[in-house]
Amino acid sequence: MPREPSADGDGDGEPVDTLRITRSVRRADLKAVGEVRRALRELMRHRCRTDAAEVAELLITELVTNALVHTDRGAEVHASLAATRLRVEVRDYAARRPRPYVPTADDGTHGRGLVLVQELADDWGVDALALGSGKVVWFELDARHDAGPA
């Protein structure tokens, strides 16, 4: 479950009203992908536009699935929602950097995940960790509610 806003902050420099989720996903546990997606939906439910939440669910699904399918260990998922900005990070333990590519028609449904992240996220990237510690693939979205018609 997402953490409720803290009244006193935790000294990490983030605004007091930042909501977070953290999940560990075991190797090859593809069922956990849906659980992570539901947790993100709950985190965003009352604070974000519906379309932003749908995009976030799609992108977190792609990153977690990639981590489980393309590495031989589990993944750590962190999401934080501060004011109007969502940041999702998926850490895996493989040093190999993912690269978006446009799949051919013969690839079926494979190979589109990072292309989706690249096209739909407001910002994204890959941060290498210390040698042997893997990497973090992340994305950010503007998740603010619409102000409504003017």
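This is a predicted model: local features need pLDDT of at least 70, side-chain atom pairs count only at pLDDT 80 or more; totals for chains, interfaces and linings use all residues.
Contact denotes heavy atoms within 4.5 Å; axes are lines fitted to C-alpha atoms, for helices over the stretch in contact, with angles from 0 to 180 degrees between N-to-C directions. Helices (H or I, at least four residues) and strands (E, at least two) are DSSP runs numbered from the N terminus.

The open sheet has 5 strands in the order β1-β2-β3-β5-β4, paired in the antiparallel sense; pairing requires at least two DSSP bridges between two strands. β1 (19–25) and β4 (123–128) stand at the edges with a single partner strand each, so one side of each has no neighbour in the sheet. On average, neighbouring strands are turned by 15 degrees against each other, direction ignored. Within the sheet, β3 (residues 85–92) and β5 (residues 135–142) form an antiparallel pair over 8 bridges, and V90 has V137 of β5 as its bridge partner.

The axes of α1 (residues 31–44) and α2 (residues 50–70) come within 9 Å and cross at roughly 150 degrees. The two helices are therefore roughly antiparallel (angles over 145 degrees). Residues making the contact include V33, V36 and L40 of α1 and A53, I60 and V64 of α2.

Residues are numbered from 1 along each chain as its sequence is written, and side-chain values use heavy atoms, leaving out hydrogens and water. Local features need pLDDT of at least 70 and side-chain atom pairs count only at pLDDT 80 or more, whereas totals for chains, interfaces and linings use all residues.

Terms used. Angles under 35 degrees count as roughly parallel, over 145 as roughly antiparallel, 65 to 115 as roughly perpendicular and the rest as oblique.
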